[in-house]
Amino acid sequence: MAMLAMVLVGVATGVAASFSGLGGGFIVVPLLLLLGFEAQRAVGTSFLAIFVISLSALAAHGRLANVDWKIGLLLGAGGVVGAQLGAQLVEHVSTQLFKRLFAGILVALAAYLFFKR
C-alpha cells in the first residue's frame with residue numbers, strides 16, 4: 001500500500017511540476033518530512049524523484065517546442081555549482097530549522113504569487 005501511495009504522489013508531483021515548473025521538491029520534501037525523514041535525506045531522496053520527473057517533463061515540453069535550450073543549459077550550469085554548495089550547507093542545518101526555513105520560503109513564494117499583478 002505504501003508503494004502504491006508513493007507512485008500516486010509521484011503522478012501528482014509529475015503533473016504539478018510539469019504544469020507549473022515549480023519542481024516536485026515543493027511537494028515531495030514536505031511529504032517526506034511528514035513521513036519522518038530527516039531533512040537531509042528528504043532533500044536527497046526528493047532530488048532523485050525530481051530527476052526522473054524532470055527528464056520526462058523535459059521530453060514532453062521539448063516535443064511541444066516549449067524549451068529554450070540555451071537559457072535552460074546556462075541556468076543548469078549555474079545550478080550544478082549551486083547544488084554542490086546547497087548539499088554541503090544542508091548538512092549543517094537541523095531538521096527543525098530546515099522545516100522552518102522551508103515553510104518560510106513556501107509562504108513567501110505563495111504571497112508573491114498571490115499579490116503579484
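This is a predicted model: local features need pLDDT of at least 70, side-chain atom pairs count only at pLDDT 80 or more; totals for chains, interfaces and linings use all residues.
Colleague: Is A65 buried or exposed?

Modeller: A65 counts as exposed because its relative accessible area is 65%, and exposed means over 50%. Compare A60, which sits in helix α3. With 26% relative accessibility, A60 is partly exposed.

Colleague: Now the surface. Which residues form a nonpolar patch there?

Modeller: The patch is made of L4, V7, L8, V11, V15 and F19, and together they have about 660 Å² of accessible area. Take F19 as one of them: F19 lies in helix α1 (residues 2-20) and is exposed, at 77% relative accessibility.

Colleague: And pockets? What lines the second largest pocket?

Modeller: The general idea is that rolling a probe the size of a water molecule over the atoms shows where empty space is left. Here, the second largest pocket has a volume of about 160 Å³. Its lining includes M6, V28 and I53. Helices α1, α2 (25-34) and α3 each supply at least two lining residues, and α1 gives the most, with four.

Colleague: How many residues of that lining are nonpolar, polar or charged?

Modeller: Sorted by class, the lining of the second largest pocket has seven nonpolar residues, three polar ones and no charged ones.

Terms used
Residues are numbered from 1 along each chain as its sequence is written. Side-chain values use heavy atoms; hydrogens and water are left out. Buried means under 20% relative accessible area, exposed over 50%, partly exposed in between (1.4 Å probe, protein chains only). Patches are made of residues with over 30% relative accessible area and no salt bridge: like charges are joined within 9 Å, nonpolar side chains (Val, Leu, Ile, Met, Phe, Trp, Tyr) within 5 Å. Accessible areas come from the Shrake-Rupley method with a 1.4 Å probe; for residues, only the protein chains shown count as cover. A salt bridge is a side-chain nitrogen of Lys or Arg within 4 Å of a carboxyl oxygen of Asp or Glu. On a 1 Å grid over the protein atoms alone, a cavity is a set of points where a 1.4 Å probe fits but cannot get out, and a pocket is an open set with protein on both sides within 12 Å along at least five of seven lines; lining residues have an atom within 4 Å of a point. Grid points are joined across faces, edges and corners, and a volume is the space filled by probe spheres set on the points. Ala, Val, Leu, Ile, Met, Phe, Trp, Tyr, Cys and Pro count as nonpolar, Asp, Glu, Lys and Arg as charged, and the others, Gly among them, as polar.
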